[in-house]
Amino acid sequence: PLDAIFALSAAHTADQDPHKINLGIGAYRDNDGKPWVLPVVRKVKQNLLNDPSLNHEYLAIDGLRTFTDASAKMILGADSAAVKEKRFLGVQQISGTGAVRLGGDLLKKIKPSATVYISDPTWGNHFQIFGDAGFPVKTYKYWDAATRGLAFNEFIANLENAPNGSIFVLHACAHNPTGVDPTQDQWKKIAAMMKQKQHFPFFDCAYQGFASGSLDKDAWAVRFFVESGFEIFVAQSYSKNFGLYSERCGCLTVVTSTEAQAVAVRSQLCRLNRASISNPPAFGARIVSAVLNDPVLFAEWEENLRTMANRIIKMRSETVRHLTELKTPGTWTHITSQIGMFSYTGLSVAQVKVIKEKFHVYMTDNGRISMAGLNEGNVRRFAEAVDYVVRNA
């Protein structure tokens, strides 16, 4: 069957209406509705193209080491005990998707009888990835439709009731699709219950720096789990925070208990990489490596991140402002309390059908919208469309 997100994008492309709005696919757009190549990425790309020493030889099976080491340090923190004690590793993969699958394949060998728990709702590909890796996949309660927030008590209950040693897939920041993240206090309670039940935390991190504009803030949950003594997997994607969607640049970062374990895990992941992709692609990794390892370029990248994050935050507030002016029935403050690329609007399947057919606004059937698809030229029209369907559909 067609992938729902890409089918939605195809339908938008085929639509001839000049006022159509695509809020389906999770890709950043600027205020003119155009894809944005980050200025720091454009600069580094040109530097690479002008470097006569670069070639197209294979990377190592585990990827570009300057990239994977920097990637791990960015999510764990350069002063992390795991980094200082060399009980960490990073293996390059085909963006976050490949990193999740690589981690899933290794966990199936390590914990063959475990069950994987993913949030309800979650990124749709999680079901397929872990199911294809051979795991039974169940869900844990996450979204509270009544409050349009986190179903925290049910989440904790699901952690408590799951069999000891289960694998829980956690969104490090900017939960997809809801945009609802636990507070730091809630994360502490989640970690405490996971430790009590000996569950394994597998973080999916697609939005570090893109969510809040702060790399450190967006990494808080991952770092807390490491400080609390967990061994963890973190799948990192550079599609959103570098805008390298088609370069498929990602990393599986692993924290172990000892340096010797890190060496052994790297060996096993290399074996899996060899059997799946053989060697990862170089170009995107070289771009990210250049930025993460150069203080001047890194500072420029952080400014680019703030540009994207702040524009999305502004679109959230503008959406709520217009809905308030229109006196749209219901409460809409959840749009500004949510974070990251997506917002779970609370619109029903029937309302989404009408908004698509009558107003040419494309969003997923569950009411999720990509805030990056809104801009100053279409946010009012979107609010008017929402107002209509809330009142009439």
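In the predicted model described here, strand β10 has side chains directed to both of its faces: Cys249, Cys251, Thr253 and Val255 point one way, Gly250, Leu252 and Val254 point the other way, and all of these residues are buried, where buried means under 20% relative accessible area, exposed means over 50%, and partly exposed lies in between, with a 1.4 Å probe and protein chains only. Strand β10, which spans residues 249-255, is accordingly described as mostly covered, with 7 of its 7 residues buried. Strands here are DSSP runs of E of at least two residues, while helices are runs of H or I of at least four residues, and both are numbered from the N terminus. The model is predicted, and local features need pLDDT of at least 70, side-chain atom pairs count only at pLDDT 80 or more, and totals for chains, interfaces and linings use all residues. Residues are numbered from 1 along each chain as its sequence is written, and side-chain values use heavy atoms, with hydrogens and water left out.

With β2, the pairing is antiparallel and extends over 7 bridges, and within it Val91 has Leu252 of β10 as its bridge partner. Strand β9 (residues 232-237) also pairs with β10 in the antiparallel sense, over 6 bridges, and Gln236 stands opposite Cys251 of β10. These strands belong to an open sheet of 7 strands with mixed pairing, in the order β2-β10-β9-β8-β7-β3-β4. The edge strands, each of which pairs on one side only, are β2 (88-94) and β4 (137-141). Direction ignored, neighbouring strands of this sheet are turned by 25° against each other on average; the axes are lines fitted to C-alpha atoms, for helices over the stretch in contact, and angles run from 0 to 180 degrees between N-to-C directions. Strands β3 and β4 run parallel and are joined by 5 bridges, with Thr139 in β4 as the bridge partner of Ile118.

The secondary structure of the chain comprises 17 helices and 13 strands, and 54% of its 393 residues count as buried. A compact globule of 393 residues would have a radius of gyration near 21 Å, and the 21 Å computed for the chain agrees with this; the radius is taken over C-alpha atoms, and the globule rule is 2.2 Å times the number of residues to the power 0.38. Taken along the principal axes, the C-alpha atoms fill a box of roughly 60 × 55 × 40 Å.

Grid points are joined across faces, edges and corners, and a volume is the space filled by probe spheres set on the points. The largest pocket holds about 1000 Å³ of space and is lined by 46 residues, of which Ile5, Trp123, Asn125, Asn176 and Arg368 lie nearest its centre. Two or more lining residues come from each of α1 (4-14), α5 (95-110), β3 (116-120), α6 (125-132), β8 (200-205) and α11 (239-242), and α1 gives the most, with 5 residues. By class, this lining has 21 nonpolar, 17 polar and 8 charged residues, where Ala, Val, Leu, Ile, Met, Phe, Trp, Tyr, Cys and Pro count as nonpolar, Asp, Glu, Lys and Arg as charged, and the others, Gly among them, as polar.

A search of the whole structure finds 2 cavities of 30 Å³ or more. The largest cavity, with about 40 Å³ of space, has a lining that includes Tyr140, Phe155, His171 and Trp187, and β7 (167-171) and α8 (184-197) each give two or more residues to it. The second largest cavity also has about 40 Å³ of space; residues lining it include Thr319, Trp332, Leu347 and Phe382, with α14 (295-325) and α17 (379-392) each supplying at least two. The lining of the largest cavity divides into 7 nonpolar, 2 polar and no charged residues, and that of the second largest cavity likewise into 7 nonpolar, 2 polar and no charged.

Definitions and conventions. On a 1 Å grid over the protein atoms alone, a cavity is a set of points where a 1.4 Å probe fits but cannot get out, and a pocket is an open set with protein on both sides within 12 Å along at least five of seven lines; lining residues have an atom within 4 Å of a point. Two strands pair if DSSP finds at least two bridges between them.
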